[in-house]
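Come along while I look things up one by one.

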Amino acid sequence: MDPTTSGRFRVHDRRQRPDIDDGADAPADPPEAGSAAAAAGADGTEEFVLVELADEPVDPTDPDAGDRYDPLYATAEGYEEDLADAVDALRPGFVVDATLAWTDGSARFREVAVVRETRFRFADGIEGMFEAAVETWRQIRAEGEPVGSITTRSNDGDPNGALYLFADAPGSDTFDEVRTGRLPVEPLVARVNDSRDDDDPREVFVLRPAAHEFVAVYVVFDRDGVLAQTVRDTYDLGPGLAAGLDASYPGGDDGGSLVPDDSDGSDDSGSSDPLDEDDDFDALDRL
């Protein structure tokens, strides 16, 4: 009998399986899921990048804290019947309860159920980076820091997102490290979830501008709100304002809602301590 692992996981990305024989963990510029190149893959298959979520908060001072978010990989193809439908409907950012079976060193889903429909969106080489990110980056660099964060606000002054910026230094590829799960963003999402007094799924944008040497990780509090729709519109990342302010958006043009509105989604549960600009969270303590 194949060994199995059960737990709660974040679906970090879906990509073509790298060609291990070439010594590459991932293509330099992985094709979009669903494209012809992605469908072919290095060996004809696709895989999910998964990050297991801890049952309890991870102490950032623990020497093994970084290893807690090591990615694992599960085959995305070759399933049958209801399981095939469930696997095919998974999107980057979804949180799932799953059982994985290991065969010849490869993991396959034995069972999977979505518990939270937070979404991850990736865009490289974008034009027209928004002003809040650029101004914050200038301030960070003036202070000699490689990482910084701010809380963005709506026109009414209400917090609507947490923006984290990371240096993309020569010789490194921060965007690829985030996308492949080698640089964990889960602590950033968890920090937002812990600070909010709602159970809403988030929208997480990972953006690398063409004109600046940083990578932005933007955790937008309301996936169905105006801000998330505006960012999707601006960078052509899915249904935005043009689709209307429709609360039924959950999957838009790439998958319908899988979770009822009363799902507990306990991985993204909130608290009564809202995130604000006086928050002393330092992204460096987890990354």
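Here are my entries, starting with the whole chain and moving on to single residues.

**Entry 1: ground rules**

I am working with a predicted model, where local features need pLDDT of at least 70, side-chain atom pairs count only at pLDDT 80 or more, and totals for chains, interfaces and linings use all residues. Residues are numbered from 1 along each chain as its sequence is written, and side-chain values use heavy atoms, with hydrogens and water left out.

**Entry 2: the whole chain**

I looked up the secondary structure and found six helices and 10 strands in the protein chain. Helices (H or I, at least four residues) and strands (E, at least two) are DSSP runs, numbered from the N terminus.

Next I checked burial: of the 287 residues, 46% count as buried. Buried means under 20% relative accessible area, exposed means over 50%, and partly exposed is in between (1.4 Å probe, protein chains only).

The accessible surface of the protein chain comes to about 13800 Å², and 45% of this belongs to carbon and sulfur atoms. Accessible areas come from the Shrake-Rupley method with a 1.4 Å probe, and for residues only the protein chains shown count as cover.

I also looked at contacts (heavy atoms within 4.5 Å). Among those between residues at least 6 apart in sequence, 71% join residues at least 24 apart.

How many salt bridges does a search of the whole structure find? I noted 15. A salt bridge here is a side-chain nitrogen of Lys or Arg within 4 Å of a carboxyl oxygen of Asp or Glu.

I started with R208, which forms a salt bridge with D124, the closest N and O atoms being 2.7 Å apart. R208 lies in strand β9 (residues 203-209) and D124 in strand β6 (residues 119-126), so this pair ties together parts that are 84 residues apart in sequence. I see that R208 is buried, with a relative accessible area of 13%, while D124 counts as partly exposed at 38%.

R208 also meets D168 in a salt bridge (2.8 Å, N to O). This pair links distant parts of the chain, 40 residues apart: R208 is in strand β9, and D168 is in the loop between β8 (159-167) and α4 (174-179). Is D168 buried or exposed? D168 counts as buried, because its relative accessibility is 12%.

**Entry 3: another pair, and a network**

I then looked up D176 and R182, whose side chains meet in a salt bridge (2.9 Å, N to O). D176 is buried, with a relative accessible area of 9%, and R182 is partly exposed, with 40%. Elsewhere, salt bridges that share partners join D124, D168, D173 and R208 into one network.

**Entry 4: a negative patch**

Which residues form a negative surface patch? I wrote down E80, E81, D82, D85 and D88. Patches are made of residues with over 30% relative accessible area and no salt bridge, with like charges joined within 9 Å and nonpolar side chains (Val, Leu, Ile, Met, Phe, Trp, Tyr) within 5 Å. Lys and Arg count as positive and Asp and Glu as negative, while His and the chain ends are not counted. The place of a charge is taken as NZ of Lys, CZ of Arg, CG of Asp or CD of Glu.

I found D85 in helix α2 (residues 81-88), and D85 counts as exposed at 55% relative accessibility. E81 is also placed in helix α2, and E81 counts as exposed at 70%.

**Entry 5: positive phi values**

I came back to E81 for its backbone: its phi is near 55°, a positive value in a residue other than glycine. D236 has a phi near 55° as well, again positive in a residue other than glycine. D236 is found in the segment after α6 (226-234) and counts as exposed at 70% relative accessibility.

**Entry 6: two buried loop residues**

T118 sits in the loop between β5 (106-116) and β6. T118 counts as buried, because its relative accessibility is 0%. I looked up its C-alpha distance to D200, 82 residues apart along the chain, and found 8.3 Å.

L53 lies in the loop between β2 (46-52) and β3 (72-75), and L53 is buried, with a relative accessible area of 9%. The C-alpha atoms of L53 and V95 are separated by 8.8 Å, with the two residues 42 apart along the chain.
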